[in-house]
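Let's take a walk through the salt bridges here. Have the sequence and the model open side by side as you read.

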Amino acid sequence: MYLLDTTTGALELVDDPRKERYAILSHVWQREGEQSFQDIQVLQHGLVRRVSSALKGRRNGPVSILPRTSAKIRNCCEYVRRRGYKKVWIDTCCIDKTSSSELSEAINSMYEWYGLADVCFAFLCDVTDQADPEKQNSAFCRSIWFQRGWTLQELIAPRSLVFVSKEWRFIGTKANLAHVIEKVTGIPTGILTHELSLNSVSIARRMSWASRRVTKRPEDEAYSLMGIFGVKMSTIYGEGRTAFLRLQEEILKHIHDESIFAWGSIFRVSSPGSSLRWRQEWKDGFDPSVLFARSPAEFFYSGNIEPVALNDFEQRLGIPMAVPHYTITSYGVRSSFPSIMIRQTPTSSIRLAVLACQAKPRKQTTEREKLVALLLTQQPNSSLQSGRYIVGALGSEMPSWLLDDPDSPSSTSTSSSTAKSDQYSQSTSESSSRSRSTTTSVTTLTNEMVYRAVVLPWSEHRDSALFYNPTRAGVAHTAGNGGMTGA
């Protein structure tokens, strides 16, 4: 790890950051570019030559390269130095990005480095020191800093974080502005202040914090979240969205939480006879019927999903459960889920694969949390004997009693049977649209529940596969996660 001397601007290599007292900068990169590690090295080598020449001539030469650095680096060093810190870490100039191994090490260690820093200074380039951060829709709340992918871990990891304005003046601390930040980001105050552990928050909810953030490169959507989930993996710039698929694989290896599958549109079921009230179209060719999400944006609606302990899960379903396991192959992810047949005809069938997680009501209510399940629909043009399924349901295949989402953005309050009939007719005419998820009461379906093994295609680029489970005397169902259902 390289640290910048706040007096001279020189880079210093340290072996163990845990033994160092340093400050760290969090900021948004400028469009016109930033000074790099190589830029600082060139200035530093020039400084050494000038100092050497000055000593030989017994003259007092310049001892700092800071006057030749960018305004951001220069002002940061001055601000940090006035607060008693001799060293600071700035990502733009303290990482040798020409070395793939050093870049990978830095990205995998970054969450830890922000956590080890004595204090983090968050530089808000679009906020003046005159702005009131607690004012509704303030410049502070609208800052681009809250919209970038990398700044999510930079917000959570440090115990002490200070916000500074574009004039490099104090705005406030993470601790005293935690209630404001929670409204902006959705991150609970307890997580921001380290009173709660990240491990107490579901995968789906952590993903939802990143769902509205953007990164310049698609790979960074994954790399910027490794610290949030406590995983490490190699960085391969150029792999595109494959990085986010690899991230989900690594998370599955380390965290027992099936809310990782709970992404996409959410549908709820209230009573027989209700109708589809919300649906989502995929306009860029992405197939949502796979197991893993394409990006954190798919978890936008998953902020209220939490895991259910295995013992509680068994009691609620009334059947014995095996310890969940996931085997990742070239065909997909092999695992087992409680499965319920909810519709079967000579040409099609729909099942629910219940997950060990639940959806908390978004509004205060006495209603109990609903379990979450994947909605499995027989693949078009396949036979019942083949057992080939997708996750989600085509509108024309959806049973009418299973279609309702009273909490959706497009929800209507009408109870007119005519209105529901028209709405359902409209949805079924859109044969290319896929309803991604639904909720229902497990108590009405548990009599038909069985425990089945499945192989789920994990990427839009993978083909479905079959897995025969002789202990259940049936063909398992192939499916991917096109969405989620709650029961």
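A search of the whole structure turns up 12 salt bridges, each one a side-chain nitrogen of Lys or Arg within 4 Å of a carboxyl oxygen of Asp or Glu. Side chains of opposite charge can pair when their charged atoms come close. Keep in mind that this is a predicted model: local features need pLDDT of at least 70, side-chain atom pairs count only at pLDDT 80 or more, and totals for chains, interfaces and linings use all residues. Residues are numbered from 1 along each chain as its sequence is written, and side-chain values use heavy atoms, with hydrogens and water left out.

Start with Glu78 and Arg82, whose side chains meet at 3.3 Å, N to O. They sit 4 residues apart in helix 2 (residues 71–82), so about one helical turn separates them. Helices here are DSSP runs of H or I, at least four residues, numbered from the N terminus. Glu78 is partly exposed at 35% relative accessible area, while Arg82 is exposed at 52%. For those labels, buried means under 20%, exposed over 50%, and partly exposed in between (1.4 Å probe, protein chains only).

Helix 10 (residues 242–254) holds another pair, Lys253 and Glu250, 3 residues apart, about one turn of the helix. Their closest N and O atoms are 3.1 Å apart. Lys253 is exposed at 53%, but Glu250 is buried at 17%. Elsewhere, salt bridges with shared partners tie Glu12, Glu20 and Lys87 into one network.

Finally, look at Glu219 and Arg217, bridged at 3.8 Å between the closest N and O atoms. Glu219 is buried at 3% relative accessibility, whereas Arg217 is partly exposed at 38%.

Terms used
Helix = DSSP H or I, 4+ residues; strand = E, 2+ residues; numbered from the N terminus.
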